[in-house]
Amino acid sequence: MQPVFDGHNDVLMRLWETAMRGGDPIAEFRDGIATGHIDGPRARAGGLVGGLCAIFVPSPQGPRPSFEGGAYSSPLAAPVDQPAALAAAIAMAGIARRLDREGVWRLCTSTAAIHEAIDAGVFAAVLHMEGCEALDADLYALDAFHAAGLRSLGPVWSRPNIFGHGVPFAYPSSPDTGPGLTEAGVRLVKACNRLGILVDLSHITEQGFWDVAEISEMPLVATHSNVHAITPVSRNLTDRQLAAIRASGGMVGLNYAASFLRPDGRDSAATPLTDMVRHVEHLVEHLGIDGVGLGSDYDGATIPAEIGDAAGQQALVGALRQAGYGEADLAKLCRDNWLRVLATTWRE
Ligand SMILES: [Zn+2]
């Protein structure tokens, strides 16, 4: 088994939804449930030892896009109010903290803490924010979330906010769908560099990507995106973007979302592991073996049935092994690259 430390999941959103319904999010992660993708028992079964756990304030679900003629184009989600986003984000940060206090997972702010948690057999969670609607333009809330353990953020999800613009979900589509960072977004990226917070480029427009590339002194990272040359969806990265990520010493986490993996762009769990291997091979070709990791999107996407959930994590590892990756390369892909990029970004 290769232990996997993963670049992106939405389990905190699911646990928050459980709490909103009056359920017990702590027991849900500790004891496990039948739905969703990640909980303690399934993570242990699949060798998923930790990952970046997103504070994500969901947009109201629009109608599913129709897939007429092999193409779709969803309207961009509406902006979310800051007070509502802040309330939800604080609740998710609180759930993350309580899971730590109860010993159900460990909230990590250093790679030493991640290693210790893994050695102790406790899920190593790093607090990430996916879309910064909860933050004010003066970034006071950023300092508060940093104090609460936030060590990674994506300025935007696939919707506009005061910091920038995300890509709408569209296939086929270039990621160049609109403007980039706002002036507040520029200040946010600089503040992240100062505080040692990773800036995640998944979901941002191509213009926003180049804006961050120009400003940021840290490795460029897309925590959960795939290859545009294979699956030309707006959320995937062009070879030009991959070259910039490589030049910065950054990395990309492979997203398991079927619609970002399948060349036909369909959102179907009947997606073979060979589609995932194909994206990894292209990423390795363009980024090098040190520039590729995993970024499952568990609890946020349709996952290929051969994996199913966190308990099936090793199915992908096995497919990569079968494709010729040796154990030293697998260790990099499965966790060591993430730990190296986090250590650089966190200035350890
Ligand atoms: Zn996402």
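This is a predicted model: local features need pLDDT of at least 70, side-chain atom pairs count only at pLDDT 80 or more; totals for chains, interfaces and linings use all residues.
Figure 1. Asn 193 is buried, with a relative accessible area of 5%. Asn 193 belongs to helix α7. Neighbours within four places in sequence set aside, the residues in contact with Asn 193 are Ile 215, Ser 216, Glu 217, Met 218 and Arg 347. Arg 30 lies elsewhere: 163 residues separate Asn 193 and Arg 30 in sequence, and their C-alpha atoms are 34 Å apart in space.

**Figure 2. Buried residues of helix α8 and what covers them.** The buried residues in α8 are Glu 206, Gly 208, Phe 209, Asp 211 and Val 212. Their cover includes α7 (183–195), β8 and α9.

Figure 3. His 203 lies in the loop between β8 (198–199) and α8 (206–215), and His 224 in the loop between β9 (221–222) and α9 (239–247), so the two histidines tie together parts that are 21 residues apart in sequence. His 203 has a relative accessibility of 5% and therefore counts as buried, the cut-off being under 20%. His 224 is also buried, and its relative accessible area is 0%.

**Figure 4. Packing of helix α11 against helix α12.** Helix α11 covers residues 273–287 and helix α12 covers residues 313–322. Their axes lie 10 Å apart and form an angle of about 65 degrees. The crossing of α11 and α12 is right-handed. On the α11 side, the contact is made by Leu 273, Met 276, Val 277 and Val 280. From α12 come Ala 315, Leu 316, Ala 319 and Leu 320. The contact residues of the two helices comprise 8 nonpolar, no polar and no charged.

**Figure 5. The largest nonpolar core and a separate one.** In soluble globular proteins, nonpolar side chains tend to be buried together. The largest nonpolar core in this model has 85 residues, of which Trp 105, Met 129 and Phe 145 touch the most other members. Helix α4 (residues 82–101) gives the most to this core, with 8 residues. Not counting residues up to four places away in sequence, Met 129 touches Ile 55, Ala 89, Ala 134, Leu 135, Phe 145, Leu 150, Ser 152, Leu 153 and Gly 154. Another core, of 17 residues, lies apart from the largest one; among its members are Val 49, Ala 113, Val 341 and Leu 342.

Terms used:
Residues are numbered from 1 along each chain as its sequence is written. Side-chain values use heavy atoms; hydrogens and water are left out. Helices (H or I, at least four residues) and strands (E, at least two) are DSSP runs, numbered from the N terminus. Buried means under 20% relative accessible area, exposed over 50%, partly exposed in between (1.4 Å probe, protein chains only). Axes are lines fitted to C-alpha atoms, for helices over the stretch in contact, and angles run from 0 to 180 degrees between N-to-C directions. A crossing is left-handed if the near helix is turned anticlockwise from the far one by less than a right angle, and right-handed if clockwise. Contact means heavy atoms within 4.5 Å. Ala, Val, Leu, Ile, Met, Phe, Trp, Tyr, Cys and Pro count as nonpolar, Asp, Glu, Lys and Arg as charged, and the others, Gly among them, as polar. A nonpolar core is a set of buried Ala, Val, Leu, Ile, Met, Phe, Trp, Tyr and Cys residues joined through side-chain atoms within 4.5 Å.
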